[in-house]
Each structure stands twice: as structure tokens, then as C-alpha cells.
Amino acid sequence: MMNISDLPVQLLSSRTSDRLLQPLWDYLLLHYRPLVSSPFFLVLLAFSSYFVFSLPFTALDLLGERAPLFHRYKIQPDRRPTLKMMLKSFMGAVWNHLFFVLPAVMISMFILPAPTMPQEAPTVCEVFIDGLAVLLLFDTQYYIWHFIHHKQPQLYRWIHAIHHEYMAPFSWSTEQLSIPELMTVGLWSNQDPLLLKCHPMTTWCVTVFSIWMSVEDHIGYDLPWTLNHVVPFGLLGGAPAHDMHHQRPSSNYAPFFSHWDRIFGTAVPLEKTIRVYKKK
């Protein structure tokens, strides 16, 4: 496949294509190619997505009952994260990225070949189908890994228990992971798109979307407009399923979809705590 860097700038700017995403792809490579072709770009994209997506739910958690429009959807209303808990989770994620993720990326630069940027943008259909394939593959990998680590006490204690520090998850706890779990998840997130030969733009899209799904799983609110309600037939577990996993750790192992939990009998429906307010 021809590398985009082999094309003259004038040709890139005047080239026409019937692909909807081609103008955006050409613009990114003309103006930001050093950035988007850097191995650090995915790390920046993933962490910034985690940060931005978590902020709105931080406001909801801090407001609590002062925002009744949203608080009524809180799955565990009696368990409210504090600012200290949020900072602990966030700073843990920053520490892990500074001292483990970034060094791992630097090492990989000397081992793996430099990525090439293809000439053509992906079609919208390719982004959807390839992105869905990546999510389904990751969902399968993590279900197996997750199940094993809950069934083996020592693996759970030394690797996965840190993620279960809080029975009621909140957005910042999305990336409260041990180093082995973080590296495992990071390996799949980086290698699965390569294995499935995804276009870089598809990889970027699925990275941002998967971070959104992960944060949404941990928000602790069963909001009526979240993806698990938008996608039909209960195909996604969402926050209700993952919240129940933190309450009952032997259930709902899949990170995104619900089919593996249904097939293997590990699906447990949400048992939401209802708070009754008495009129004074």
C-alpha cells in the first residue's frame, strides 16, 4: 500500500475521492501527520478521552441530591464517592501512565516498525464493521481473563482486587487498575486493531468509543439515554451490569456486551436500591 507521505502536498490537497472521510483524513495528514503517526498518539487519545468523559459525572457525584433530576437514577444512592476517592483514582491512573505506559511505548518504538499511513481513508462502513469486530474480540478476551481472575484467589488478590476497592463504582475508577491488568488491556487494545488490519482512523474511533463505554460502565447511574438503553435487545450491559458486578463479583464479567454472560449463566440483573423520601 502506498504511503501517504510519498504524495506531494499539492496532490493531497487537490485529490478527490468519493469516500466521506477522505477530506478529514487528508487534512489530518497534511497538518498533523507527525502527531497522528506517533506511537504516543493513541495513549494521548485514550487518556484525554477518559479525562473528558469522566468530568460530567464528577459534577453529578459532587452535587448528589442537589441534582435530583439525575440523582434519582443513582444505582446505589447511599454510596457516594468523595473528592478524595476521585483524586486517588485519577492520580493512580496518571502514575500508571507516566511510569509504565509511556516507558512501554518508548520501548516498543525500538522493537516494532514505524506505522505507515495509508493513502485512502476508510469508508464509514469499514469503520463500523471493523470497529465492531475489535470490540467483540476485546470483549471475548476480557471476559475470559476476568472470569479466571475472579475464580483464582491469588490472581484476584494480586492483580484484579484493586479495581474492586469500591463496591459502588464511579467514573474515575474506570482506570483504577493494577499494572498487570493495565498492561494486558493495553496490549489487546493496541494489537487487536493490528490483528484485524484496521485503518488507523478506525483504531482511533474505536479507542475513543471503547473509553466512553468503559466510563459509562462505571458511572453508577442507570441513565435512560445511555448506550445500554439505546442499543436494543439488551445487547450491552452498561452501568447496571457492571454495578452489579461490583456488588456481586461472581457475575457480569463481560466489559461491554451481554452475550457471554448470558451464554455461560453469569448474567445477573440489576437490583437497584430505592430510596423513599418521606414528606415532612
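**Reading helix packing and rings in a predicted model**

Biologist: Why is Trp212 called partly exposed?

Modeller: In this predicted model, Trp212 has a relative accessible area of 25%. Buried would need a value under 20%, and exposed a value over 50%. Because 25% lies in between, Trp212 is partly exposed.

Biologist: How many aromatic pairs are there, by the rule?

Modeller: The count is 24 aromatic pairs. One of them joins Phe53 and Trp212, with 5.2 Å from centre to centre and 80° between the planes.

Biologist: What makes Phe53 and Trp212 an edge-to-face pair?

Modeller: Two values decide that. Ring centres must lie within 6.5 Å, and for Phe53 and Trp212 the distance is 5.2 Å. Planes over 60 degrees apart count as edge-to-face, so the 80° between these two planes puts the pair in that class.

Biologist: Why does the pair of Phe53 and Trp212 tie together parts that are apart in sequence?

Modeller: Phe53 belongs to helix H3 and Trp212 to helix H9, so the pair links parts 159 residues apart in sequence.

Biologist: How do H3 and H9 pack?

Modeller: Helix H3 (residues 41–63) packs with helix H9 (residues 200–218) at an angle of about 35°, and their axes are 9 Å apart. The crossing of H3 and H9 is right-handed.

Biologist: Which residues of H3 and H9 meet?

Modeller: From H3 they include Phe41, Leu45, Ser49, Phe53 and Phe57; among those from H9 are Trp204, Val208, Ile211, Trp212 and Val215. By class, the contact has twelve nonpolar residues, four polar and no charged ones.

Biologist: Which residues form one aromatic cluster?

Modeller: Phe47, Tyr50, Phe51, Phe90 and Trp172 form one. Of these, Tyr50 is also among the H3 residues that meet H9.

Biologist: Which residue lies over the face of Tyr221?

Modeller: Lys74 does, at 5.3 Å from the ring centre. The distance part of the rule asks for NZ of Lys within 6 Å of that centre, so 5.3 Å meets it.

Biologist: Why does Met213 count as buried?

Modeller: The relative accessibility of Met213 is 5%. Buried means under 20%, so Met213 counts as buried. Met213 is found in helix H9. Apart from neighbours within four places in sequence, Met213 is in contact with Leu135, Leu227, Leu236 and Phe256. From Met213 to Ala239 the separation is 26 residues in sequence and 9.2 Å in space, C-alpha to C-alpha.

Biologist: What makes Trp145 buried?

Modeller: Trp145 has a relative accessible area of 11%. That value is under the 20% limit, so Trp145 is buried. Trp145 lies in helix H6 (residues 124–151). Beyond neighbours within four places in sequence, Trp145 is in contact with Ile159, His160, Glu181, Thr184 and Trp188. Its C-alpha atom is separated by 19 Å from that of His218, 73 residues apart along the chain.

Biologist: How do you know that Asn96 counts as buried?

Modeller: Asn96 is at 9% relative accessibility, and the limit for buried is under 20%. Asn96 therefore counts as buried. Asn96 is found in helix H5 (residues 83–111). Not counting residues up to four places away in sequence, Asn96 touches Val101, Leu177, Ile179 and Leu182.

How values were computed
Residues numbered from 1 in each chain as written. Predicted model: local features only at pLDDT ≥ 70, side-chain atom pairs only at ≥ 80, totals over all residues. Heavy atoms only, no water. Axes fitted to C-alpha atoms, helices over the stretch in contact; angles between N-to-C directions. Helix = DSSP H or I, 4+ residues; strand = E, 2+ residues; numbered from the N terminus. Left-handed = near helix turned anticlockwise from the far one by under 90°. Contact = heavy atoms within 4.5 Å. Nonpolar A, V, L, I, M, F, W, Y, C, P; charged D, E, K, R; others polar. Phe/Tyr/Trp six-rings, centres within 6.5 Å; stacked < 30°, edge-to-face > 60°. Buried < 20%, exposed > 50% of the residue type's maximum accessible area, 1.4 Å probe, protein only. Lys NZ or Arg CZ within 6 Å of the ring centre and 35° of its normal.
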